Amino acid sequence: MPKLFESLTIGNMRVRNRIAMPPMCMYSAQDGRAGDFHATHYGARAIGGVGLIIVEATGVTANGRISDNCLGIYDDGFVEGLGRIAAAIKAYGAAAAIQLGHAGRKCLAAVPQIVAPSAIAFDTNHKTPAEMSRADIEELLESYRTAARRAGEAGFDMVEIHAAHGYLLSTFLSPLSNRRGDEYGGSAENRARLPGRVVDAVRQSFGGSVGIRISAEDYIPEGNRPEDLAEMVNMFKAKGVDVVNVSSGGVAPAALPVFPGYQVRFAEAVRERTGLPVMAGGLLTSPRHCEEVVANNRADMVYVGREILRNPHFPLQAAHELGADFPWPKQYVRASYK
């Protein structure tokens with residue numbers, strides 16, 4: 001059996017194979033609420049054989065949404081729609097995760113104020129955020145706590161904390177965007193303090209698995225490197241982090257040298273330095289490339305994004321190409337490869 005199609009246990013969650021669909025914004029929510037599209041979109045990828053589906057960035061506050069058309073989880077009224085997504089995913093054998101996030105200074109929703117660790121705009125096309133006070137931070141932690149409770153009520157198996165791509169928690173981690181002089185800024189230990197407290201808040205009200213997504217490389221000399229992020233994850237991993245989803249960039253404007261698998265080396269470094277399971281990806285489109293990553297223990301799972309948007313049945317195709325004994329949905333068996 002190819003390792004890509006071996007099952008995996010993350011925390012208390014069993015995943016049927018090593019292929020994850022990463023969170024990708026669909027910009028299709030109405031007032032933060034999920035609709036028919038979302039259940040259809042995510043359910044289709046479960047039918048196609050994905051092992052773990054991570055629902056797109058879902059705002060823990062109204063100004064935590066990336067756009068006005070992004071999902072929210074800041075009110076109990078959102079649970080029903082999100083529950084339809086989780087049910088659609090799990091009905092077809094995939095594990096269901098949801099990414100809880102706060103857009104921070106990259107929020108483009110129509111809200112009165114955006115916030116960040118420091119009053120520094122992302123670029124000239126973005127508004128300047130207000131620097132978060134200690135009171136703001138305590139309110140944020142309560143937002144994560146209640147969002148995690150709602151994720152559990154909606155039926156998700158895992159919560160992924162979004163600390164990547166220049167959104168709020170990511171900007172606390174990076175010295176490029178965090179210029180604070182209090183206990184949340186300065187040293188690596190201080191910059192890791194808020195993400196660590198978010199892990200605590202999520203754990204207090206969610207009984208499933210917990211992951212965190214990080215940007216392991218800022219692509220700017222003064223920014224973070226993979227070893228820096230690994231050091232910071234080590235500061236709070238004992239609070240209950242089950243898996244690290246390793247991405248890169250987005251904290252500050254920078255040119256990214258992209259190629260198939262360009263972020264895998266960052267995941268390798270984080271895995272080696274933290275001892276935690278990791279997900280790796282970055283323009284992975286080939287089943288054999290995906291198999292190489294997990295078979296050589298460079299990562300525990302691969303995330304496949306754009307290719308799974310193009311081809312919802314990528315895992316079924318990969319199983320055929322790699323010679324894996326992986327069951328087809330009974331409705332589609334007549335189309336299986338012979």
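**Before you start.** The model is predicted: local features need pLDDT of at least 70, side-chain atom pairs count only at pLDDT 80 or more, and totals for chains, interfaces and linings use all residues. Residues are numbered from 1 along each chain as its sequence is written, and side-chain values use heavy atoms, leaving out hydrogens and water.

**Stop 1: strand E9.** Select residues 209-215. Helices (H or I, at least four residues) and strands (E, at least two) are DSSP runs, numbered from the N terminus. Seven of the seven residues in E9 are buried (under 20% relative accessible area; exposed is over 50%, partly exposed in between; 1.4 Å probe, protein chains only). Ser209, Gly211, Arg213 and Ser215 point one way, and Val210, Ile212 and Ile214 the other.

**Stop 2: the neighbouring strands.** Now show E10, residues 243-247. E10 runs parallel to E9, joined by five bridges. Centre on glycine 211.

**Stop 3: charges over rings.** Stay on E9 and pick arginine 213. Arginine 213 lies over the face of tyrosine 303, 4.9 Å from the ring centre. The test is NZ of Lys or CZ of Arg within 6 Å of the ring centre and within 35 degrees of the ring normal. Then jump to lysine 106. Its charged end sits over the ring of tyrosine 167, at 5.1 Å from the centre.

**Stop 4: aromatic pairs.** The whole structure holds five aromatic pairs. Rings of Phe, Tyr and Trp (its six-membered ring) pair with centres within 6.5 Å; planes under 30 degrees apart are stacked, over 60 edge-to-face, the rest tilted. Select tyrosine 219 and phenylalanine 266: edge-to-face, 6.2 Å centre to centre, 70° between the planes. Tyrosine 219 lies in the loop between E9 and helix H7 (226-236) and phenylalanine 266 in helix H8 (264-274), so the pair ties together parts 47 residues apart in sequence. Both residues are buried. Next, take tryptophan 328 and tyrosine 337: edge-to-face, 5.8 Å and 75°. Tryptophan 328 is partly exposed at 23%, and tyrosine 337 is partly exposed at 43%.

**Stop 5: valine 258.** Find this residue in the loop between E10 and H8. Valine 258 is partly exposed, at 47% relative accessibility. With Leu256 and Leu283, Val258 makes a nonpolar surface patch of about 220 Å².

Definitions and conventions
Patches are made of residues with over 30% relative accessible area and no salt bridge: like charges are joined within 9 Å, nonpolar side chains (Val, Leu, Ile, Met, Phe, Trp, Tyr) within 5 Å. Accessible areas come from the Shrake-Rupley method with a 1.4 Å probe; for residues, only the protein chains shown count as cover. A salt bridge is a side-chain nitrogen of Lys or Arg within 4 Å of a carboxyl oxygen of Asp or Glu. Two strands pair if DSSP finds at least two bridges between them.
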